[in-house]
Amino acid sequence: MDVKNSFLQGLKILIADADEDTRLLYAEVFTYHGAEVVVAGAILQAEAASTQFHPDVVIADLVLEGRYVYDFLPEFEQRSVIVTTAVICRDEQERALMRGIDFYLLKPVELDALVDAVCHSVQVRPVLCAC
């Protein structure tokens, strides 16, 4: 078992993204590494999954259904939150980190970078850095 698998084995990950292909790709990657994964394509699904599944890590698109992840961030307190986005704006990146986001990754996300961000977020919590 490699180091990544040891950090991800049994980890609960919630993936919230409007794009089904993105959700399925991320889910496949993390399932391969031994994580338990739940996906959500809408805010209400993400909130319900958070309540029922109790994820250790949330991977969410910055904007879902026209709302910023910050709007429903209180649902994810005590969890690592990794944002993926196509929004390339330094102010938005800083705002995300100030509001409790652990990692801010630009789309298209390199899958290795996403896996590394999740591993890092469970190794050292909390960490505020942008990739």
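1. Lys12 and Phe53. In this predicted model, Lys12 lies over the face of Phe53, at 5.4 Å from the ring centre. A charge counts as sitting over a ring if NZ of Lys or CZ of Arg is within 6 Å of the ring centre and within 35 degrees of the ring normal.

2. Basis of the values. Local features need pLDDT of at least 70 and side-chain atom pairs count only at pLDDT 80 or more, while totals for chains, interfaces and linings use all residues. Residues are numbered from 1 along each chain as its sequence is written, and side-chain values use heavy atoms, with hydrogens and water left out.

3. Salt bridges. The whole structure contains three salt bridges, a salt bridge being a side-chain nitrogen of Lys or Arg within 4 Å of a carboxyl oxygen of Asp or Glu. Asp17, Asp61 and Lys107 are linked in a network of such bridges.

4. Lys107 with Asp17. The side chains of these residues meet at 2.8 Å, N to O. The pair links distant parts of the chain, 90 residues apart: Lys107 is in the loop between β7 and α5 (111-123), and Asp17 in the loop between β1 (12-16) and α2 (20-32). Helices (H or I, at least four residues) and strands (E, at least two) are DSSP runs, numbered from the N terminus. Asp17 is buried, with a relative accessible area of 2%, whereas Lys107 is partly exposed at 26%. Buried means under 20% relative accessible area, exposed over 50%, and partly exposed in between (1.4 Å probe, protein chains only).

5. Lys107 with Asp61. The closest N and O atoms of this salt bridge are 3.2 Å apart. Asp61, in strand β3 (residues 57-61), is 46 residues from Lys107. Asp61 is buried, at 13% relative accessible area.

6. Arg95 with Glu92. This salt bridge has its closest N and O atoms 2.5 Å apart. Both residues lie in helix α4, three residues apart, about one turn of the helix. Arg95 is partly exposed at 38%, while Glu92 is buried at 6%. Beyond its neighbours within four places in sequence, Glu92 is in contact (heavy atoms within 4.5 Å) with Leu62, Tyr68, Tyr70, Val87 and Tyr104.

7. The buried residues of helix α4 (residues 90-98) are Glu92, Gln93, Ala96 and Leu97. Seen down the axis, these residues fall within an arc of 135°, so they line one face of the helix; the arc is that of the directions from the helix axis to the C-beta atoms. Their cover includes β5 (67-68) and β7 (103-106). The face turned away from the buried side carries the exposed residues Arg90 and Met98. Just after α4, Gly100 takes a positive phi of about 105°.
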